[in-house]
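Hello,

I am handing over the structure we spoke about, with notes on what was found in it. Please look at it alongside the text below.

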Amino acid sequence: MSTVTDTIHHDDDHHEHHAPPSGIKRWLYTTNHKDIGTLYLWFAFIMFLTGGAMAMVIRAELFQPGLQIVDPNFFNQMTTVHGLIMVFGAVMPAFTGLANWLVPMMIGAPDMALPRMNNWSFWILPFAFLILLSSLFMEGGGPAFGWTFYAPLSTTYSGDSTALFVFSVHIMGISSIMGAINVIVTIFNMRAPGMTWMKMPLFVWTWLITAFLLIAVMPVLAGAVTMVLTDKFFGTSFFDAAGGGDPVMFQHIFWFFGHPEVYIMILPAFGIISQIVPTFARKRLFGYASMVYATASIALLSFIVWAHHMFTTGMPVFAEMFFMLATMLISVPTGVKVFNWVATMWRGSLSFEVPMLFALAFIVLFTIGGLSGLMLAITPVDFQYHDTYFVVAHFHYVLVTGAIFSIMAAVYYWLPKWTGKMFDITLAKWHFWCSLVSVNVLFFPMHFVGLAGMPRRIPDYALQFADFNKWISLGGFAFGLSQLIFLALLIKACSKKGEPVSDQVWEGAEGLEWEIPSPAPYHTFETPPVIK
Amino acid sequence: MAMLGVFQSGTAFAESVSDLDQYQLNMRRGVTDISAEVYDLHMLMFIICVVIAVGVFGAMFYSILFHRKSRGAKPANFHESVKVEIAWTVVPFIILIVMAIPAAKTLIAMEDASEPDVTVLVTGSQWKWHYKYMDNDVEFFSRLATQPDEISGKLEKGVNYLLEVDQPLVIPTDKRVRFLITSDDVIHSWWVPDFAVKQDANPGFINDAWAQVNEPGIYRGQCAELCGKDHGFMPVVVIAKEPAEYDKWIGERQAIQEKAKAEEQRLLAMNMSKEELMSNGQKIYTSACAACHMPNGEGLPGVFPALKGSDIALNDMAAHIDIVLNGKTGTAMAAFAKQLTMSELAAVITYERNAWGNDTGDLVQAKDINAALNGQ
Amino acid sequence: MAQPEYEKYYVPDSSPWPIVGAVALFLIAVGAGNFVIEQTRNTSGYGGHILVAGFATLIFMLFGWFRNQIHESMSGLYSAQLGRSYRQGMAWFIFSEVMFFGAFFGALFYARMIAIPWLGGSGNNAATNEVLWPAFEAIWPLVETPGGVQTEAMGWYGLPLINTVILLISSVTCHFAHVALEENKRGRLKLMLGITVLLGAIFMVLQVEEYLHAYQEMGLTLQSGIYGNTFFLLTGFHGLHVTLGAIILFIMLLRIFKGHFTPDDHFAFQAGSWYWHFVDVVWVMLFFFVYIL
Ligand code: HEA
Ligand code: HEA
Ligand code: CUA
Ligand SMILES: [Cu+2]
């Protein structure tokens, strides 16, 4: 898409009538999309470190067979809270942070459509996670039933802290829904004149569809936790056969939310990659329209594949068949995306700045994760894969080298625009190469132990898995330490050190956000740009 | 392609060493026709995926190498092509169909558990399996046999560490064995990789699965659904015997169980000494109760109640017997009446009332249990 | 986009209310969690107090926030574009509510069409019925659970039917109120909205009546198996929404008496009336699937 404004630096004649207030109140009371974006991103990063620290506990315990460091009950709390924090605390808020920063700038809007609600959505999150984390210190410990909290383990057989888990998920859900409503309304209603649907940058498109998924499925999650609450504390029997319910019904409701949820964690990533690759290939994105349609089809299909997580629960054969075929279909639109990225690079003029490095790693490693997903979709074989480390390998490839790598790519791509300074490129390259190597040492062998038969969610394992687990753990520690390089780089970048950058920052970058000054002024597009 | 090489040499290696080979890289081919089909399907999918990956990454790395700016590449400016885009929508679709057809066939074969020769009811509970032969009067529990000291590292770990049980399930080879799978408490999943059987054990519902084993042997698996604290310590061990040997085994087993019943009746008339009750009680406590109430009787605060110094273990004995026999609905406390014999129940309750400083001095005898069971 | 003249989009300066709202939700979550635990474990603690404090904070926040907003709106800071943002936001919020109810309707359909027939031995679940629940018969309404708890089914005539009629009428009066507002007939607006709120209140009273009847005479409780569960959760959450909707409309009524809203600027009123129609549609679904079928 060629979006050109005729009002470059349009706000020259505007005086900065409200510059950011200073002090803590700025952050507590802010209604500015850039401030809120920053808050979201830092929060997500802190949660990533927290969830990562829990992963380190998991990997330390699994370093060798036998129980060494934690007892099984605590181990289960670690896997559960690790999953919850990474999904709801790290990936989703990071994407929302990026949406806050970028969507208004990309569509030429002065801010998000509902700025005060935007602040509310953010500030709920720290409180929600405070509740979740503090439940770990309750008598009986925190949630220990997996991030999927299958009943009746999460009802009759769980600790009292389940009540706090339920309410913290409720308020997280409220936050996500409000955030998503804000994004959707912003995109529908705040586009600058001339910013037609098919001129919107792909990041905006993917977020539009993600926001729709969020509004559609977060309430279902709220329903699921509510039923868990009443089953555990108020004597209902939604998930208890003795009262006419069914534990498998929980899984249907959960995965009706859960599967779209995993696409909530990858569609914005697709958007990011679709912004970055054309820039560094110096060539327009191949197949813009088909990217949009592919995203929409992935989102629609995501509503009819949920039971691929439940092949071993004893569904009738025709249902298994249906969910297998529907799941396999998702590979087609996803493939279209991968092919489009490759075609964008084809006969381009490529250069390999840090954002591009992460984007390239994303394309390769996400595809590996996607292909193992396709293998999981084959019902009869999933009977062997299910609940083994093969699944763990699959979802870390799509989540860590997919979602997380895309977020890192995005941060490197837009950071100079945010701070006005180039980040420390040497550190960034160290971060990339260390991460790339260690992440594969961490997650690739999981395929092998999974196929060899190691179940997931166990604190101790049989001897034949010992050697690979040692490597996995070492890779894990190395990957964890590599993230400290990122932390150092970000702190340095925020202290405004470094070479000043031009407005366009990257040769080849196109779009409204590259036409405003660097660093981006506190208020942009108070009068909308005109897009030809 | 390198990856494929690793996989294949991995399998070859795995087959040449032993079933507990240290570097197993790939799925097992297993010992049933179905498991072999599943394995072949897995390899087919794997190879297709590798081919796709090589194609996609090949094109990408070609651009990276030859279309880089530092080599002076000038960007072309094509940005769509209906033909190409249709091609790469349709071709993957066809690949998927190629994958789906054999998959559907195998799936249908797997799910048809009709006309079994032998039927076993498999019941999971926290954290052991119970097997009941539906055509014979044989049933028993199967618990982890690995020593706690091996787990904590005080003893060296044996070869079958965590994959060994006190009483394995025994099935005949060359017969269709149908497994009816259910649970007493949370969801478990009964998994034997060599049979390609993994079925969730859902409380209140019965799932089925079947296997026809081609080779006699010992096959090991594990519970595959998070079922609480000791989910990692709930192995499945199945011994497949030639039909003749199997018949012999089941005959013996039946005799033993009948004898035990007779013994049980005899014990009803007898009173055991406190020492005997306490020492039996401790053994049973360790295997049946300690997982939740902890070996020291202190439980896990907030999750599992303590017995040490508790109201129920110190006061009303009838209530104590009742909760052990019938469990407590709405909690994790299971009904032990059918899990333990009357004399075992008597011993364990005596133990709980006299251990860890619970000095009630109460003795419970098998006949007390019998009375409670028959509703006094 | 035909937008010849650009109206400034109002971006509020920083505001203390959202963070107050976040604290309120925090207190509600902590309070509710502890309250539930204390209630079922029969222990004492501060759960209830924290919960009340949370709701008080929430109400405080709502007043403050809306006062700000009403003030801004009345002083003409808002543009048509902002009005669209509000309307679209409200529409998506209602969509999220639809999905929330969807989860419970889903549970109802699943139980009726899958779980209960399976417990009764249909499909390949013959063993489930024979081995585990030999005495169980699959019927709906489930008047006897597999575990043996007995209850009675709630009929659709009588109170539920009356309630349906009441809500349907209230939806119509609510619509007339809206029309009156747009035609600037303030007298009729007050009358119609007043009737709507009153009907909402009557609905709630009758609903309480019905619950009492269920608990005291029919033995239909929250504990009586999946029939009672879906019945009480669906009608209960609906009741909660009716209460909320009625409160919103009541506040609108007060604002109308103070002279707020004009024929072409009345977002708050419109949002309230949409909400009311939504609650009404949910009830019709409920009446059909929970009571009649
Ligand atoms: C970002 C998150 C994300 C994404 C994008 C995906 C993507 C996919 N996932 Fe994954 N998945 C998870 C996160 C994700 N998943 C998580 C968290 C779990 C575990 C949850 C839990 O139990 O805790 C899980 C589990 C999971 C299971 C259940 C496994 C089990 O428990 O037994 C299955 C089964 O079908 C599955 C399938 C797929 C498929 C088919 C895709 C597809 O979308 C992938 C499509 C992509 C490609 C196929 C690659 C690119 C395509 C081409 C190059 C085109 C050519 C290819 C062909 C035509 C073949 N996933
Ligand atoms: C986006 C989501 C996301 C992300 C980013 C990650 C990141 C990681 N995950 Fe996780 N994971 C999940 C989502 C995610 N995971 C989910 C959903 C589950 C399923 C849970 C369940 O079963 O219910 C799971 C489960 C899971 C398991 C399986 C547990 C089990 O089944 O028993 C393991 C085991 O190795 C694991 C490991 C890791 C590791 C090593 C990382 C690393 O990438 C983390 C790296 C980051 C850091 C380490 C932080 C930075 C460094 C520091 C804070 C300094 C300290 C560092 C050192 C001391 C070295 N994860
Ligand atoms: Cu039983 Cu896991
Ligand atoms: Cu999925």
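H394(A) sits in helix α14 of chain A, which runs over residues 389-419. Please keep in mind that the model is predicted.

Between the iron atom of ligand 1 and the copper ion (ligand 4), the distance is 4.5 Å.

W147(A) places a side-chain N or O atom 2.8 Å from an oxygen atom of the ligand. For A377(A), a backbone N or O atom is 3.3 Å from an oxygen atom of ligand 1. In chain A, the elements that supply two or more residues to the shell are α7 (247-264), α11 (331-345), α12 (354-377) and α14. The largest share comes from α12(A), with eight residues.

As for the shell as a whole, ligand 1 is located between chains A and B, and 32 residues surround it. The closest are W147(A), Y263(A), D382(A), H386(A) and H394(A). Sorted by class, the shell around ligand 1 holds 19 nonpolar residues, 11 polar ones and two charged ones.

Regards

Technical notes
Residues numbered from 1 in each chain as written. Chains lettered and ligands numbered in written order. Predicted model: local features only at pLDDT ≥ 70, side-chain atom pairs only at ≥ 80, totals over all residues. Heavy atoms only, no water. Donors = N, O, S within 2.8 Å, 3.2 Å for Na, K, Ca; no water. Helix = DSSP H or I, 4+ residues; strand = E, 2+ residues; numbered from the N terminus. Near = heavy atom within 4 Å. Polar contact = N/O pair within 3.5 Å; in protein donor to acceptor, adjacent residues only side chain to side chain. Nonpolar A, V, L, I, M, F, W, Y, C, P; charged D, E, K, R; others polar.
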